[in-house]
Amino acid sequence: MITLYALMTGYILDLIFGDPSWLPHPVRWIGSLIAGGDKYLHRISCRTDRGQYWCGVLLTVTIVTVTFLVPLGLLYLLNSISPLLGFMAEALMCYQILATKSLQAESMKVYDALQKNDIMEARYQLSWIVGRDTENLNSSQVAKGAVETVAENLSDGVIAPMLFILVGGAPLGFLYKAVNTLDSMIGYKNDKYLYFGRFAAKLDDVANYLPARISAYLMLLAVFLTRYDFKDAFRIYRRDRHNHTSPNSAHTEAVCAGALNIQLAGSNSYFGKLVVKPTIGDPIREIEAEDIRRANKLMVATSLVGLILGSAVRALIVQ
């Protein structure tokens, strides 16, 4: 039950404080470890496609193992000194693993700029949270990018880490964050990472397979509770949940698109090159800035539903 209380405390702390830039963050340390390992392995080896693949496996296994064992050892040590100290440390870890408030805060910067009709600022703020080119986007396209970010990251930024914590405490939550961070840093299909990042990308697909689907059903429940269009959310989810190159990314986007009666995804430009992608949802109406606020309302409601139901299941199992 200590882990459950730590998760609840961490969730509340995340909603209140978010991710202030002055606070050291373990995920940034994980990112630095990955960057250092990536640079070292590319310098000493990885001459062939096969070598690159196995160097990527080595980096991934090392990062994931270290990221799991360090918090596990730290919590074991602190719990042996004082259970209260151990609880406080795990609550702090849970707080830093979850990203509900930071996801909301970053997307609302785009919303605020659009509300002021400052398209340049809106594009700039969007560029911090998406990988696509933003310099030529109109206000509706900017809003769409922010909505997609909120909908897609609901799973890997909030619900997935929450589920991993419920199963194995903060150490397993950090293990998930390591897998997710590895994928975001080296899981690309370009010349440098096609083989080197393949194992990390596949591991991320496996880690997110169940959470992405659970997130979608939790989001459907949130759609019903918040009185958005549940009927269309369910219809679009069933129809468009596989409209993405990733097996997991379209699930929550499809629910969000149906709930808000908008169309997400589709083709975008990356580093000056047009990438053709399928759309998600029907273009019943044009996307507007207010949809960013609506997507955030859905995201927070889904996280709360996930916390309540997940905690209830864990409490029943532990009891």
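Visitor: Why is Arg235 called partly exposed?

Guide: In this predicted model, Arg235 has a relative accessible area of 36%. Buried would need under 20% and exposed over 50%, so Arg235, at 36%, is partly exposed.

Visitor: What makes Asp232 buried?

Guide: The relative accessible area of Asp232 is 11%.

Visitor: Why are Asp232 and Arg235 separated by about one helical turn?

Guide: Because they are three residues apart in helix H9, which covers residues 230–240.

Visitor: How many salt bridges does the structure hold?

Guide: There are eleven. One of them joins Arg132 and Glu148, at 2.6 Å from N to O. This pair links distant parts of the chain: Arg132 sits in the loop between helix H6 (119–127) and helix H7 (139–186), while Glu148 is in helix H7, 16 residues apart.

Visitor: Are Arg132 and Glu148 buried or exposed?

Guide: Arg132 has a relative accessible area of 11%, and Glu148 has 4% relative accessibility. Buried means under 20%, so Arg132 and Glu148 each count as buried.

Visitor: What makes the contact of Arg294 and Asp291 a salt bridge?

Guide: The distance between their side chains is 2.8 Å, N to O. That value lies within the 4 Å cut-off, so the pair counts as a salt bridge. Arg294 and Asp291 both belong to helix H11 (residues 290–318), three residues apart, or about one turn of the helix.

Visitor: Why is Asp291 called buried, and why is Arg294 called partly exposed?

Guide: Asp291 is at 0% relative accessibility, under the 20% limit, so it counts as buried. Arg294 has a relative accessible area of 22%, which falls between 20% and 50%, so Arg294 is partly exposed. Elsewhere, salt bridges that share partners join Asp232, Arg235, Arg239, Asp240 and Asp282 into one network.

Visitor: How do you know that the span of helix H5 agrees with what it should be?

Guide: Helix H5 has 16 residues (residues 100–115), and at 1.5 Å a residue they should span 22 Å. The end C-alpha atoms of H5 are 22 Å apart, so the two values agree.

Visitor: Which residues of H5 are buried, and what do they pack against?

Guide: The buried residues of H5 include Thr100, Leu103, Met108, Val110, Tyr111 and Leu114. The buried residues of H5 pack against helix H1 (2–17), H6, H7 and H11.

Visitor: Where does Ala265 lie, and why is Ala265 called buried?

Guide: Ala265 lies in strand S1 (residues 264–265). Ala265 also has a positive phi, of about 65°, although Ala265 is not a glycine. At 12% relative accessibility, Ala265 is under the 20% limit and therefore counts as buried.

Terms used: Residues are numbered from 1 along each chain as its sequence is written. This is a predicted model: local features need pLDDT of at least 70, side-chain atom pairs count only at pLDDT 80 or more; totals for chains, interfaces and linings use all residues. Side-chain values use heavy atoms; hydrogens and water are left out. Helices (H or I, at least four residues) and strands (E, at least two) are DSSP runs, numbered from the N terminus. Buried means under 20% relative accessible area, exposed over 50%, partly exposed in between (1.4 Å probe, protein chains only). The expected span of a helix is 1.5 Å times one less than its number of residues. Contact means heavy atoms within 4.5 Å.
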